[in-house]
Amino acid sequence: MSNKWATFSNLCIAATLLRVVLLLYGEWQDAYLTVKYTDIDYMVFTDAARHVTQGESPYERATYRYTPLLAILLTPNIYWFFSFGKCIFALTDIVVGYLIHQILILRGMPSEKALWLDSLWLLNPMVANISTRGNAESLLAAMVLGTLYLILTRRFYPACALFGLAVHFKIYPIIYAIPLLFLLDKRYGDPVDFPHMMWSYQQARLYLLQRYLSDGGAKFEINEPPSSPSPSISSSSSKEEYTSVSDRVINQIRNILRECMLFFTPSRILFGAVSAIVFFALTWFMYQLYGDEFLQHTYLYHVTRKDHRHNFSVWFYQMYLGFDAPVAGKLMGLLAFVPQLALVAATGIVFAKDIFFACFIQTFLFVTFNKVCTSQYFMWYICLLPLILPSTIIRFRWKGLVLIAAWAAGQGIWLNYAYHLEFLGENTFFSIWIASIIFFIINCWIVVELILNHRFEYVYSTTGRIRWVWGLGEPGVWN
């Protein structure tokens, strides 16, 4: 790639042309071939949008399990032309590519070098195929990366609002609240424009820490390595031993309260409050329009969901066998959350200060352990992949290539048995389950390799600046 053509604008043009070609091809395939290019989900979206235009609930369309905002957004499918939503999703792909590029530059990578990583999303045929078939996952990718970009550039309140919108749109981004809250430490600092109430809270918080929860002068931020003991502490006090159980209990309670008070900084409280206000405001408004069916189909359904249809999830076969058992089936659906949420929470805390790696590992584990897993779910972590590759020590040749080949082969094995089930009418449910287990093991191997071979990089320096960890930066770009 010569320097003349190696520009982000040209990459976006190439990515746009790829999607235009796929959109036109999709129109032809839908018109002339038996197997349609358009995803069945897009038909569901469009039918829901049609109900909205008729003044009805989008949930009149069976299997519509999304926020009414999506149906409202796609009403031009009815008023203008059928593929309007596909164009929106394809355009959002380009927005995601732009956010990836900007984040890479902000972390010190020269623009021309960043193009290769941008291409992993913008020129990825799998991503382009999923969007142009009418799947809405690119909207979530834009919201998630938009939140991270706004946090990175300290546009605090827009980041909170966008995060609240993302969680309303689809509940899974709530997992990112864990690393985001831990990221907002003393390196990040505090928004300048605190509400008056938060200044009062900060004064009361500091008073309680100094007056009642003092730790002999040792001060450190939670989730940071503790500093060495202050020289002001006398050797006698450092060797003091408690002579009663009550003293030990009181001391432990004091330490717990102190750590909690250190954690609940104004920034963290404001992030949670503003995000929650946006989420609940949107949810309340949609509830006023569509009532209980909105809550049931958009949120509650996914908690106790039992999907007996074949998918990549390692849980699908158990749910298929127990589909007609109301108690056992629901119990299986709830138990599936336990290892998933435990791993997601633990990795979110441990890797929080390297926020992009934390979000990627969380998402990869969330999808791998989810009780339903389809191809479009892979987009949830593919959009984050370009942001972690610069910090891995895995070489493409040969370990990287082997990992990619194993991931693709796992899907290929599964798809082979799925083809025999769907198109040849053979009972291959057990074989599909075995293929799902193989794919699950491959994904576990991949995530372990990524963690073991990752260079942990703080996002912010001790002065609060964004650390340039992937190069000397782009000329003219400062943070």
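Here are some questions and answers on how the features of this predicted model get their labels.

Q: What makes up the secondary structure of the chain, helices or strands?
A: The chain has 22 helices and 0 strands. Helices are counted here as runs of at least four residues.

Q: How do you know how much of the chain is buried?
A: A residue is called buried when its relative accessible area is under 20%. Buried residues make up 50% of the 479 residues in the chain.

Q: What share of the contacts with a separation of 6 or more joins residues 24 or more positions apart?
A: That share is 75% in this chain. A contact here means heavy atoms within 4.5 Å.

Q: Which class does R154 fall into, and why?
A: With a relative accessibility of 34%, R154 therefore counts as partly exposed. The loop between helix 8 (137-152) and helix 9 holds R154. R154 is not a glycine, yet its phi is positive at about 60°.

Q: What makes the peptide bond between R397 and W398 stand out?
A: The bond joining R397 and W398 is cis, with omega about 15°. W398 belongs to helix 21.

Q: How do you know that the length of helix 15 agrees with its number of residues?
A: Helix 15 runs over residues 292-303, which is 12 residues, and at 1.5 Å a residue it should span 16 Å. The C-alpha atoms at its ends are 15 Å apart, so the two values agree.

Q: Which residues of helix 15 are buried, and what do they pack against?
A: F294, T298, Y299 and Y301 are the buried residues of helix 15. They pack against helix 3 (68-73), helix 9 (156-169) and helix 14 (266-290).

Q: How do you know that Y301 touches R65?
A: A contact needs heavy atoms within 4.5 Å. Leaving out residues up to four places away in sequence, Y301 touches R65 and Q296. Y301 and R65 are 236 residues apart along the chain, while their C-alpha atoms are separated by 7.8 Å. Y301 is part of helix 15.

Q: What makes L70 a residue to look at in the largest nonpolar core?
A: The largest nonpolar core has 126 residues, and L70, W121 and L145 touch the most other members. Not counting residues up to four places away in sequence, L70 touches F45, Y64, F89, A136, L139 and F169.

Q: How many cavities does a search of the whole structure find?
A: The search finds 4 cavities of 30 Å³ or more. Rolling a probe the size of a water molecule over the atoms shows where empty space is left.

Q: What is the volume of the largest cavity, and which residues line it?
A: About 70 Å³ of space lies in the largest cavity. Its lining is F45, Y66, T67, L70, N135, A136, E137, L140, F169 and K170. These divide into 6 nonpolar, 2 polar and 2 charged residues.

Q: Which helix gives the most to the lining of the second largest cavity?
A: Helix 22 does, with 4 residues. Helix 19 and helix 22 each supply at least two residues of this lining. The second largest cavity has a volume of about 50 Å³, and its lining residues include F312, V367, C373, S436 and N443. By type, the lining has 6 nonpolar, 4 polar and no charged residues.

Q: What lines the second largest pocket?
A: The lining has 29 residues, and L120, L385, L389, G400 and I404 lie nearest the centre of the pocket. Among the elements giving two or more residues to this lining are helix 6 (111-122), helix 7 (125-132), helix 20 (379-382) and helix 21 (396-422). The lining residues divide into 23 nonpolar, 4 polar and 2 charged. The volume of the second largest pocket is about 920 Å³.

Notes: Residues numbered from 1 in each chain as written. Predicted model: local features only at pLDDT ≥ 70, side-chain atom pairs only at ≥ 80, totals over all residues. Heavy atoms only, no water. 1 Å grid on protein atoms, 1.4 Å probe; cavity = no way out; pocket = protein on both sides within 12 Å on 5 of 7 lines; lining within 4 Å. Points joined across faces, edges and corners; volume = space filled by probe spheres on them. Nonpolar A, V, L, I, M, F, W, Y, C, P; charged D, E, K, R; others polar. Expected span 1.5 Å × (residues − 1). Buried < 20%, exposed > 50% of the residue type's maximum accessible area, 1.4 Å probe, protein only. Core = buried A, V, L, I, M, F, W, Y, C linked by side-chain atoms within 4.5 Å.
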